[in-house]
Amino acid sequence: MNIIENIFIIEAKTHKSKNSRKISYHVIESPYAICLDKKEIVLAQIQACEHLLDRTKDEDDFEAITKEILELQESE
């Protein structure tokens, strides 16, 4: 397992689907990206969502991001 601290390897964005808000992820090119296991990817997704949560002002986005974080933490 790689030890990666404070390196954003995944970027999260919100977008509106038909009836709700969704979170999408973009993997930032990194030499570490090829050797990540599932736990590291989930942790990176949580980190990306928390980073996005700090910057959102939209209430619908805030709820969607919070829900996504909870779901990711359960899957950990």
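In which helix is the place of Asp61? Asp61 sits in helix α2, and the views below take you there step by step. This is a predicted model, in which local features need pLDDT of at least 70, side-chain atom pairs count only at pLDDT 80 or more, and totals for chains, interfaces and linings use all residues. Residues are numbered from 1 along each chain as its sequence is written, and side-chain values use heavy atoms, with hydrogens and water left out.

**View 1. The whole chain has two helices and two strands.** From the N terminus on, the order is β-β-α-α. Helices (H or I, at least four residues) and strands (E, at least two) are DSSP runs, numbered from the N terminus. Of the 76 residues, 28% count as buried; here buried means under 20% relative accessible area, exposed over 50%, and partly exposed in between (1.4 Å probe, protein chains only).

View 2. A nonpolar core is a set of buried Ala, Val, Leu, Ile, Met, Phe, Trp, Tyr and Cys residues joined through side-chain atoms within 4.5 Å. Among its 16 residues, Ala12, Ile23, Cys49, Ile65 and Ile69 touch the most other members.

**View 3. Ile65 and its neighbours.** Leaving aside residues up to four places away in sequence, Ile65 touches Thr14, Ile23, Cys49, Leu52, Leu53 and Thr56. A contact means heavy atoms within 4.5 Å.

**View 4. Helix α2 has a buried side and an exposed one.** The buried residues of α2 are Asp61, Ala64, Ile65, Glu68, Ile69 and Leu72. Seen down the axis of α2, these residues fall within an arc of 135 degrees, so they line one face of the helix; the arc is that of the directions from the helix axis to the C-beta atoms. Cover for them includes β1, β2 (21-27) and α1. On the other side of α2, you will find Glu59, Lys67 and Glu74 exposed.

**View 5. Asp58 caps the N-terminal end of α2.** A side-chain oxygen of Asp58 lies 2.7 Å from the backbone nitrogen of Asp60.

**View 6. Asp61 is buried.** Its relative accessible area is 10%. Not counting residues up to four places away in sequence, Asp61 touches Thr14, Arg21 and Thr56.

Definitions and conventions:
Polar contact = N/O pair within 3.5 Å; in protein donor to acceptor, adjacent residues only side chain to side chain.
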